[in-house]
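Dear colleague,

I am handing over the structure below, and I would be grateful if you could look through it before reading my notes. What I found follows directly after it.

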Amino acid sequence: MIVLRGIQKRFDSVHVLKGVDYSVSRGSVSCLIGPSGSGKSTLLRCINGLQPADEGEVWVDGELIGLRVDGDHVVPLPEKEIADQRRQIGMVFQRFNLFPHMTALENVMSGPLRVNRADKERTRDLAMGLLDQVGLAARADHYPNELSGGQQQRVAIARALAMKPKVMLFDEPTSALDPELVNEVLSVMRDLAAEGMTMIVVTHEMGFARDVADHVCFMDEGVIVEEGHPDTVLTDPRTARAREFLKRG
Ligand code: ADP
Ligand code: MG
């Protein structure tokens with residue numbers, strides 16, 4: 001479902017991604033772990049085209065993201081087509097970035113209404129169904145500042161799902177939450193995984209990675225140092241760097 005080949009990314013003189021090859025099969029959950037600054041967020045942003053890679057290819061469900069092969073050349077896709085591709089890739093960030101002036105329901109409806117000029121009644125039904133799925137149907141008319149961080153993050157997940165994405169990317173979705181609110185968000189993510197959503201999750205929640213991930217990648221200094229089944233990578237890593245990172249926990 002997701003295939004990355006030779007991804008390189010520089011910011012001025014800083015070489016952040018140094019040739020990342022990575023793939024995630026359809027319906028599976030891959031957790032990305034690694035020290036702060038290792039390039040995890042940058043990699044997610046390359047996947048959804050928020051920050052195109054300098055070199056390398058990103059394929060999602062057989063489509064090359066941001067580029068089109070034209071004879072012997074690879075040329076950038078027009079903006080509109082890039083926007084279409086990006087809609088198929090849901091993303092949830094560390095900070096719940098809901099629109100503050102919209103209710104939970106309006107937040108979830110906003111994507112489909114803006115993009116597809118979708119029918120308002122049908123979109124409302126879809127959004128209510130998604131709020132129900134994340135356990136927040138009763139909060140549909142609340143504004144973000146009337147919701148806890150965990151509730152806001154669940155609305156953010158529902159909002160991403162409203163675009164019917166093929167894959168969901170999560171960038172430390174529970175890192176900004178008070179500890180007692182972490183589980184309600186992880187629980188929604190577990191349900192999503194159980195339903196067969198293809199997911200990449202950058203996380204420090206090793207329990208989640210162990211229980212839910214099909215695959216774990218340990219990233220350090222812009223490369224994937226070690227990857228495999230969570231039982232191996234998290235409990236018996238091959239590399240000293242992964243062992244050191246997991247020990248620090
Ligand atoms: P992680 O998510 O693993 O903590 P990031 O992908 O956020 O790592 O960052 C990796 C490196 O890239 C860091 O050194 C960071 O300072 C740098 N970096 C990330 N985004 C930018 C940017 N927009 N401009 C300059 N440097 C950046
Ligand atoms: Mg990050």
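Helices (H or I, at least four residues) and strands (E, at least two) are DSSP runs, numbered from the N terminus. This is a predicted model, in which local features need pLDDT of at least 70 and side-chain atom pairs count only at pLDDT 80 or more, while totals for chains, interfaces and linings use all residues. Residues are numbered from 1 along each chain as its sequence is written, and side-chain values use heavy atoms, with hydrogens and water left out.

Gln-8 lies in strand E1 (residues 2-11) and is buried, with a relative accessible area of 18%, where buried means under 20%, exposed over 50% and partly exposed in between (1.4 Å probe, protein chains only). Its side chain makes a polar contact with the side chain of His-15 (2.7 Å); such a contact is a pair of N or O atoms within 3.5 Å, and within protein one must be able to donate a hydrogen and the other to accept it, with residues adjacent in sequence counting only if both atoms are side-chain atoms.

Val-212, which is found in helix H7 (residues 206-212), is likewise buried, at a relative accessible area of 14%. Leaving aside residues up to four places away in sequence, Val-212 touches Val-29, Arg-190 and Ala-193, contact being heavy atoms within 4.5 Å. Val-212 and Val-29 are 183 residues apart in sequence, yet 7.0 Å apart in space, C-alpha to C-alpha.

With kind regards

Terms used. Chains are lettered from A and ligands numbered from 1 in the order in which they are written.
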